[in-house]
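Here is a short report on a two-chain complex. It starts where the chains meet, then takes each chain in turn.

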Amino acid sequence: MDQSVLPRTAASNALDAPTACAIHFTLNGAPVTREIPAWTTLLDLLREGCGLTGTKKGCDHGQCGACTVLVDGKRVNSCLTLAVMKDGSDIVTIEGMGEEDALHPLQQAFIDHDAFQCGYCTPGQICSAQGLINEGKAHTEDEVRELMSGNICRCGAYPNIVTAVVQVLRQSPRGGAPSQEPRA
Amino acid sequence: MNPFTYQRVASTAAAIQAKAAHPESTRFIAGGTNLLDLMKESVLRPQTLIDITHLPLDGIEDTADGGLRIGALVSNADLAWHPRVQADYPLLSQALLAGASPQLRNMATTGGNLLQRTRCYYFYDIGTPCNKRAPGTGCGAIGGVNRIHAILGTSDQCIATHPSDMCVAMAALEARIHVEGPGGARRTIPMADFHRLPGDTPERDTNLEANELIVAVELPPPQFQAHTAYFKIRDRRSYAFALVSAAAALQLRDDGRIGAARVALGGVAHKPWRKPEAEAPLVGQLPAEADFGAVATSLLEGAKGQGHNDFKIEMARRTIVRALQKAAGLEEKA
């Protein structure tokens with residue numbers, strides 16, 4: 001839903017509580033402050049409120065993973081996250097994963113292994129893969145396949161996605177660390 | 001999503017007080033994975049959301065008797081990977097990891113998983129009748145498309161299933177749910193009594209009152225560390241709800257005979273399906289497929305298909321037997 005069409009305040013207040021909420025968070029390394037309606041999802045805030053359209057809206061119901069971002073290092077579906085509940089968090093999107101002239105190891109691995117076709121799921125795949133590496137629970141191809149199952153690829157690039165993720169996973173004990181100087 | 005007011009609370013008492021003011025139009029939110037989805041579909045339209053994620057309910061602690069107390073806000077991922085859960089309650093870890101996706105498990109909480117709603121198509125589609133969503137409107141699934149629906153404990157009002165994997169393991173492990181109500185009133189609900197059958201009030205999934213908050217889940221001292229299996233049948237191998245699932249736990253004595261047995265079923269009823277009397281005959285026996293089949297027969301007594309889901313009766317029988325075989329080590333664990 002386009003948040004710009006939403007009213008700024010709720011029609012009726014069951015309790016005397018704010019509907020427009022000020023939130024402060026770190027986005028790809030930079031501090032951000034926004035005032036948003038309480039019902040704004042993190043996905044809509046990133047895309048519409050912050051202009052970062054790398055994070056994709058696929059199903060908008062937590063079923064496809066295209067909206068995956070990292071909140072305090074953990075991968076979540078931003079479509080099922082209320083932005084206001086992430087006040088104070090550290091959020092990393094695909095825009096914070098690498099530089100144009102210094103790609104994140106996962107970005108490079110996806111290119112090396114042709115791990116996409118249309119590319120729509122790729123930002124979510126890469127953020128999810130970074131989350132998987134942070135978690136440290138996947139060690140084999142089967143485990144990568146299982147623990148990447150929250151990201152759907154309708155082009156069916158799964159074999160190459162697994163290969164790309166495994167390559168980065170094996171490069172270091174925890175695999176490709178996030179870019180040292182992420183940009184906002 | 002409908003507009004709502006948002007309130008953040010810092011204590012359990014404040015959360016309960018805030019909800020008590022308008023219990024029907026106010027909802028607690030933690031992981032939000034199910035609630036926000038239902039709000040996007042207009043199935044739920046709360047006036048107020050109370051954010052409980054700042055309450056101090058995110059710990060996992062040993063209890064005095066050697067059990068485990070799991071805070072209601074512990075995420076499904078943190079619970080599944082917790083060293084004590086993996087060592088002492090592997091069935092729970094297996095069930096959690098069989099559910100949802102890694103992203104959703106990072107978000108979803110223990111309390112929220114207990115309270116997740118059915119994935120019945122008619123419950124989700126506000127253009128259709130549903131006694132659970134809109135009491136008195138009828139049931140679209142009875143005589144409709146009902147491949148994913150219940151075969152046990154149904155009523156002529158509702159044939160929805162409870163979708164959780166975690167709850168199936170908790171039923172087998174005889175977890176107890178700690179809840180708090182107004183004025184600090186606390187009570188404990190055994191897992192077997194927490195979820196309800198639909199009967200004439202399918203709109204009520206659980207016996208939790210509208211002004212109560214789940215604060216913790218307590219597991220009894222571990223009895224089933226070595227021989228457990230969560231066997232889940234679904235339309236794709238990962239990230240799908242169970243058509244049928246079975247949580248099996250056995251205690252095997254030194255002589256190889258069964259000391260204790262538990263079996264609970266998911267995907268077949270409005271609550272995790274367990275009958276202690278179906279398990280009892282296994283005690284003292286050597287693990288054997290024929291006895292496991294008898295458990296299945298007993299557990300599935302009265303099972304009734306609705307048409308599209310008729311296959312679930314035979315599938316459930318086989319799932320029970322295979323889960324017990326896996327738990328007993330008679331077949332390689334999946």
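## The interface

Chain A puts 37 residues into the contact and chain B puts in 29. Two residues are in contact if their C-beta atoms, placed from the backbone, lie within 7 Å. On chain A, the elements giving two or more residues to the side that touches chain B are strand S4 (74-77), helix H3 (122-135) and helix H4 (141-147). S4(A) supplies the largest share of that side, four residues. Helices (H or I, at least four residues) and strands (E, at least two) are DSSP runs, numbered from the N terminus.

By class, the side of chain A that touches chain B has 19 nonpolar, 13 polar and five charged residues. Ala, Val, Leu, Ile, Met, Phe, Trp, Tyr, Cys and Pro count as nonpolar, Asp, Glu, Lys and Arg as charged, and the others, Gly among them, as polar.

## Model and confidence

This is a predicted model: local features need pLDDT of at least 70, side-chain atom pairs count only at pLDDT 80 or more, and totals for chains, interfaces and linings use all residues. Residues are numbered from 1 along each chain as its sequence is written, while chains are lettered from A and ligands numbered from 1 in the order in which they are written. The predictor gives the complex an ipTM of 0.96 and a pTM of 0.94.

Chain B has an average pLDDT (the predictor's confidence in each residue, from 0 to 100) of 97, and 99% of its residues score at least 70. Chain A averages 88, with 83% of the residues at 70 or above. Residues 1-17 of chain A have a pLDDT below 50; this stretch has 35 contacts in the model beyond near neighbours in sequence. Residues 175-184 of chain A are also below 50, with 29 such contacts.

## Chain A

Chain A has five helices and five strands. From the N terminus, their order is β-β-α-β-β-β-α-α-α-α. Of the 184 residues in chain A, 50% are buried. A residue is buried if 20 or more other C-beta atoms lie within 10 Å of its own, exposed if 12 or fewer, and partly exposed in between, with C-beta atoms placed from the backbone. Among contacts between residues at least 6 apart in sequence, 61% join residues at least 24 apart.

In chain A, 15 residues of domain 1 are in contact with 13 residues of domain 2. Strand S3 (68-71) and S4 of chain A are the elements that give two or more residues to the domain 1 side. S3(A) gives the most, with three residues. That side has six nonpolar, six polar and three charged residues.

## Helix H2 of chain A

Which residues of helix H2 (residues 105-112) of chain A are buried? They are A:Pro105, A:Leu106, A:Gln107, A:Ala109 and A:Phe110. Their cover includes H3 and helix H5 (158-169) of chain A. Just after H2(A), A:Asp114 takes a positive phi of about 55 degrees.

## Chain B

Chain B has 13 helices and eleven strands. The C-alpha trace spans about 60 × 50 × 30 Å along its principal axes. A compact globule of 334 residues would have a radius of gyration near 20 Å, and chain B agrees at 20 Å. The radius is taken over C-alpha atoms, and the globule rule is 2.2 Å times the number of residues to the power 0.38. In chain B, 55% of the 334 residues count as buried.

Chain B is divided into domain 1 (5-54) and domain 2 (227-328). Their C-alpha centres lie 36 Å apart.

The largest nonpolar core holds 160 residues; B:Leu91, B:Ala169, B:Ala247, B:Val263 and B:Ile320 touch the most other members. Such a core is a set of buried Ala, Val, Leu, Ile, Met, Phe, Trp, Tyr and Cys residues joined through C-beta atoms within 7 Å. Beyond four places in sequence, the contacts of B:Ile320 include B:Ala246, B:Phe292 and B:Val295.

B:Leu282 sits in the loop between helix H11 (276-279) and helix H12 (289-299) of chain B. B:Leu282 counts as buried because it has 24 C-beta neighbours inside 10 Å. Not counting residues up to four places away in sequence, B:Leu282 touches B:Ile258, B:Ala261, B:Asp291 and B:Val295.

Key: Domain bounds come from an automatic or database domain assignment.
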